[in-house]
Amino acid sequence: MVPLWMFLMVSAGLFSLGVFGVLSRRNAIAILMSVELMLNAANINLVAFWRYLNPDNIAGQVFAAFVFAVAAGEAAVGLALILAIYRNRQTVIVEDVNLMKW
Amino acid sequence: MKDILLDLGLADGLAAVLANVIGAGMLATIFLLIPIFTIWVERKLAARFQNRIGPNRAGPLGLLQSFADVIKLLGKEMIFPRHVDVVPYVLAPVIMVSAVVLIVAVIPLAPTIIGTDLSIGALYFIAVSSFTTISVVMAGWGSNNKYALLGAFRTVAQLVSYEIPMVFMLLLPVMLAGSMSMMGIVEFQSNYWMIFYLPTAAIIFLASNIAEIGRAPFDLIEAESELVAGYMIEYSAMPFAMFYLAEFLHAFLVAVIFSVLFLGGWQGPFAEDLPVLGILYLTVKTFIVYFGMMWVRMTLPRFRIDHMMAFNWKFLVPLSIVQLLVAAFIWKIMPEPDLTGNLIERWVNEFPRMAVMGISGLVVGYASLVMLRNYASQQRKHILSLTTTTQTYPLAVSPTPATGQSSVIVVTPGD
Amino acid sequence: MELTWESLAFLIFSAMTLGGGFAVVTQRNLFHAALFLMLSLFGTAGLFVLLVAPFLAAVQVLVYIGAIAILILFAIMLTRRIMGLETTLNSQWPVALITMVILFVSLLLVLTPLGDNVSGERLNATFTEIDKESEVSDVSFTTVAAIGEAFSTRNGFVLPFEIVSLLLTAALIGAIVVAREDEA
């Protein structure tokens, strides 16, 4: 049987990959995708803890469902922002969007 | 099956897995063979609708035509254009076929025959259907062709939009049956079929599903005459055949799902005792629905793209939301009848609830049609008022015939 | 951990999740990166099935793969003119790599038996032991109804549920307003 810590390890690896992507990718859409990876890692943790530690309390799954909703909203608004920037400045490279930078 | 494998000396776990794999393979193969027949039916029927004869050379009544086509497609060359993105290009047809075949798993064929009775069967159907969108996008992008890419854009817009009324209307049978499992939904319909409770919902569900599979009048994904088959344009030989197969199998499975959700699935006289009868009933219902879908396909012209989106967002989505709220409210306030007696008693006891639900659905549907008619007549008046000149003008003048009189086709504005 | 069918499935799905995730952050071609994101999300759905959360697995496929990933693909195709970047990563990527490694190692030390401070025996627990304790007989068939009830009872999560609905509506309107073609 698969012990709990292996699920946690997969989730930790996924989260670290997401962190690396957010910190190092240049394309805004790629950064958004890395954020999705991190949200997924959190979801794996929520469901794994629910299943192993407290299967009677449904809150773990409910929270994972909330994460889905938040992720959907985040993707919609994030992509809309990226498209608006692309339309105005012809770029999706985050370093080129430096109007507010001092 | 498992016992035979155990007798062969296999380990217990391995035998269980192998039995499942073989069962799934058999079920999938049977369903993958169905399009060979339905393609022939469709071509024959299309020919009848268009006053032609249809395939009639290979075998009696052209029955072997599909086999001949398969052999021809197998023998053709698989063409890789120079600039394709190879991995998505090759994977797209595979994902398309597997997404469609995955639907088969939750279809209850008879009281005891079902791939797997998932507790989330209805949700599973929507979830695996969404893989077809990915496949189309991959094909459109991988082909590296502007028609293909345009087809992919249209696909995303169309499939994602029409998923909304479809999911809303799928919620209603789930709500009434109190179960997301396909078996549970079928068992709920032992008294009356779901279509009597939810007539409008059934029609919306079928319409949005026809849009989901991209058939006429919603075939803008392919649109042979403007997009030259859209995302499929660069495909040849077997990959093309796989798309073709997936399309026909998906259409057939939509008919099956509609029969399961709204027409009682395997329900019918003596089906509980004799599972074979259940399969027969389901087949008959499915082909009636399939014939209706073909009828729509043969007789309606294709939508224009903006009309199609407007039809979804301005008509189907609001209508489905209203239908959902009305049905949920009435279902909540109607008292639960006593459903313990024999069939006749259950029919009588269940009748008031069914009648109120059905009539409310019909009222919602009729009211929306009346509103649509008023809106359309206002639009017509508006367009008429825009064109102030009422004089007639020739649209086309044919060359002067021998009599010396030119025949003029006259069009009145706003006609 | 002996090799059962379940652990084999776990290995396959976690390889899909992590491999897909790795490709997402390293792939130069953004379209391919998005396809790998789908692979990663699908692997996560498989892990949910292993954790006996079929509802979440289906929602994962429907919402994440069927909607969010498709939306990302759509955005990539709309902004495809600038896909051919010379460099995928910015100048601070070594720092990012070090951060990632430190984070991963520290998470491992806290969460797994590899580290010293394993907090309690339950991290090593398996399904069967837990099920024996809590007497959850047929988890897969009870969870869907339980989630529905949790979302719609006053003692459950009605208020968060409504707030999330509001958030989604706001995000929907906001996205439309931001992405509108013309301001006039």
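This is a predicted model: local features need pLDDT of at least 70, side-chain atom pairs count only at pLDDT 80 or more; totals for chains, interfaces and linings use all residues.
Figure 1. Twelve of the 14 residues are buried, so α9(B) is largely enclosed by the rest of the structure. Among the buried positions are the nonpolar residues B:Ala201, B:Ala202, B:Ile204, B:Phe205, B:Leu206, B:Ala207, B:Ile210 and B:Ala211.

Figure 2. The secondary structure of chain B consists of 14 helices and two strands. Of its 415 residues, 38% count as buried. When contacts within chain B between residues at least 6 apart in sequence are considered, 73% link residues at least 24 apart.

**Figure 3. The contact between chains B and C.** On one side 19 residues of chain B take part, and on the other 18 residues of chain C. Three helices of chain B, namely α2 (12-49), α5 (121-142) and α6 (146-177), each provide at least two residues of the side that touches chain C. The greatest contribution to this side comes from α5(B), with nine residues. Sorted by class, the side of chain B that touches chain C contains 15 nonpolar and four polar residues, and no charged residues.

**Figure 4. Helix α2 of chain A against helix α1 of chain C.** The axes of α2(A), residues 28-53, and α1(C), residues 5-26, come within 9 Å and cross at roughly 155°. Because this angle is over 145 degrees, α2(A) counts as roughly antiparallel to α1(C). The crossing of the two helices is left-handed.

**Figure 5. Residues joining α2(A) and α1(C).** From α2(A), the contact involves A:Met33, A:Ser34 and A:Leu37. From α1(C), the partners are C:Gly21, C:Val24 and C:Val25. By class, four residues of this contact are nonpolar and two are polar, while no charged residue takes part. An α-helix has 3.6 residues a turn, so residues three or four places apart point the same way.

Conventions:
Residues are numbered from 1 along each chain as its sequence is written. Chains are lettered from A and ligands numbered from 1 in the order in which they are written. Two residues are in contact if their C-beta atoms, placed from the backbone, lie within 7 Å. Helices (H or I, at least four residues) and strands (E, at least two) are DSSP runs, numbered from the N terminus. A residue is buried if 20 or more other C-beta atoms lie within 10 Å of its own, exposed if 12 or fewer, and partly exposed in between; C-beta atoms are placed from the backbone. Axes are lines fitted to C-alpha atoms, for helices over the stretch in contact, and angles run from 0 to 180 degrees between N-to-C directions. Angles under 35 degrees count as roughly parallel, over 145 as roughly antiparallel, 65 to 115 as roughly perpendicular and the rest as oblique. A crossing is left-handed if the near helix is turned anticlockwise from the far one by less than a right angle, and right-handed if clockwise.
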